[in-house]
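Here is a friendly walk through some helix packing and a few individual residues. Have the coordinates open in your viewer as you read.

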Amino acid sequence: MENVELLESVRALLAEAFSLPKEQISPDLAFGGIQQWDSMGHMGVMLLLEERFGVPIDADLIAALTSVSAICEYLGKREGQS
Amino acid sequence: MNHEIEIKPAWAIPPFLIGEVQSKLAYVDENILAARLTADGETIGLRLRRPVEGPARQALEEKVQRVVQAMVQGAFKPKVQVLEDYSDRPVPYRGDPNAELLARREMFQEAAGILTVGPLVTRLIDFFERQFLALADSFGAAPYRFPTLIPARFLERVHYFRAFPHSLTFVTHLREDLDVIDDFAQHAACGEHGLDAPSESFAPIQTLLSPAVCYHLYFSLADRPLPGGSLAATAVGNCFRYESLNLTSLERMWNFTMREVIFVGPKDFVLQNRETGRQRMRAFFEQIGLAYHVESANDPFFIGEFKKQAAFQSAFQLKFEIRARLPFKDSTLAVGSYNYHQDFFGRALNITLPDGSPVHTGCIAFGLERMAYAFLAQYGLETADWPEIVRRAVA
């Protein structure tokens, strides 16, 4: 998946998790950056990542994937390895 | 006569969830007298007040399976981090302190989860209190006194109802109506199921008994910038958490006392003080010869919230419990905790730093009755067997 395509997928996923229009998910958005991305919102994102991208979520990933860019970077690397 | 049934969970319960699921089964149905999960997580045993058959049994089993599904399906395995381990510290006592506490009138149960303690336990608690106050002083923590009551709208604002509905304790009073008050005065009596009075006699609930100490501080700081940019505070208070069938002796009380040292300010200020507090308490626990360890933990969120909130706390290492050994039952008891809430309260209550960003908060909390109970479980009630520092202070 191209970088731009991946970014758009992640933005769409976060928009779905937070019930917001995709336009409100900026590429530099991070945990705590909007009201919806709180602890419960974050876990909602993790569950969606698991469901949509097959990411095996564990404690380390929950702590690491706290921004749009971190999620994109992780998914990009994962795709490169497959 | 008690009635027992067994239920096979429809989802395999992993070992790290057995205790959590078992404790939540208490809230499934009023007919449940006791709930136990086998160590392999494959069988749930329920002791019931009344027998259940047919559709009633099916409904009960469905509720049990709902709990299991909500907590197990998609659960994240917590990352357990042990920061200190002195659990093999030799202690002289292996007996069960409960019988002796009762026999000596050092513990008296008024009702489930409501206990009074006698002079020896009180002096022991006072000793621990002085140490915790010394810890607070070492941070220059300002002393506060907080009420036992807490407004419902405060707890709503920090989403407490969603996270811990099962443990809430509500407060009401008779409606301001002469007929209602007269009727109550003449007819109120305690029956088998509690106080016998029409429910419409009582005013709508606007107040609860406080479940924690530090919340009062955060509410007092709400909707304004934090004066000075950082704050260390301390207070002791009564806390109330209804734990149903899980209420046990001094281990798990409905009404207990907590001393907290509370930090409000920038992230580094809170985390650094939490860590410094832990180091200082380690030295104290060594002095009194307490067998314990400190490990990451999560709060007892209710079923719907548990999976996500517990995983989040674990991933970000927000809570560490001081778990003292209970030799007589080969288990441990949380006597205190080191907590970091990130900017949760800062955001929810609009408390800001000078740069406009939300404050971070954290607290070091000690359960006073539990602390005394764990000490007695390790050293017994004979003061001659106690470490000198404790014996001298309590004598």
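In this predicted model, helix α2 (residues 54-72) of chain B packs with helix α10 (residues 303-315) of chain B at an angle of about 15°, and their axes are 8 Å apart. Angles under 35 degrees count as roughly parallel, so α2(B) and α10(B) are roughly parallel to each other. Their crossing is right-handed. On the α2(B) side the contact is made by B:V67, B:Q69, B:A70 and B:M71, which meet B:I303, B:F306 and B:K307 in α10(B). By class, the residues of this contact are five nonpolar, one polar and one charged.

Now for a helix pair in chain A. Helix α1 (residues 3-18) of chain A and helix α2 (residues 39-53) of chain A pack at an angle of about 130°, with 9 Å between their axes. That angle makes α1(A) oblique to α2(A). The crossing of α1(A) past α2(A) is right-handed. From α1(A), the residues A:S9, A:L13, A:L14, A:E16, A:A17 and A:F18 take part, and they meet A:G41, A:G44, A:V45, A:L48, A:L49, A:R52 and A:F53 in α2(A). Sorted by class, the contact of α1(A) with α2(A) has eight nonpolar, three polar and two charged residues.

The two pairs can be set out together:

| Helix pair | Angle | Axis separation |
|---|---|---|
| α2(B) and α10(B) | about 15° | 8 Å |
| α1(A) and α2(A) | about 130° | 9 Å |

Staying with helix α2 of chain A, let us look at A:M40, which lies in it. Is A:M40 buried or exposed? Its relative accessibility is 14%, and buried means under 20%, so A:M40 counts as buried. Leaving out residues up to four places away in sequence, A:M40 touches B:R162, B:E305, B:K308 and B:Q309.

Next comes helix α12 (residues 368-379) of chain B. Its twelve residues should span 16 Å at 1.5 Å a residue, and the end C-alpha atoms are 17 Å apart, which agrees. Twelve of the twelve residues of α12(B) are buried, so this helix is largely enclosed by the rest of the structure. Among the buried residues are B:L368, B:E369, B:R370, B:F375 and B:Y379.

B:H159 sits in the loop between α5 (152-157) and α6 (160-163) of chain B, and its 35% relative accessibility makes it partly exposed. Another is B:D330, with phi near 50°, in the loop between β17 (319-326) and β18 (331-340) of chain B. B:D330 has a relative accessible area of 72%, so it is exposed.

Finally, a strand residue. B:V117 is part of strand β6 (residues 114-117) of chain B and, at 28% relative accessibility, counts as partly exposed. What does B:V117 touch, not counting residues up to four places away in sequence? The contacts of B:V117 are B:E106, B:M107, B:T122, B:I125 and B:L250. From B:V117 to B:L102 the C-alpha to C-alpha distance is 9.5 Å, while the two are 15 residues apart in sequence.

Key:
Residues numbered from 1 in each chain as written. Chains lettered and ligands numbered in written order. Predicted model: local features only at pLDDT ≥ 70, side-chain atom pairs only at ≥ 80, totals over all residues. Heavy atoms only, no water. Axes fitted to C-alpha atoms, helices over the stretch in contact; angles between N-to-C directions. Helix = DSSP H or I, 4+ residues; strand = E, 2+ residues; numbered from the N terminus. Parallel < 35°, antiparallel > 145°, perpendicular 65-115°, else oblique. Left-handed = near helix turned anticlockwise from the far one by under 90°. Contact = heavy atoms within 4.5 Å. Nonpolar A, V, L, I, M, F, W, Y, C, P; charged D, E, K, R; others polar. Expected span 1.5 Å × (residues − 1). Buried < 20%, exposed > 50% of the residue type's maximum accessible area, 1.4 Å probe, protein only.
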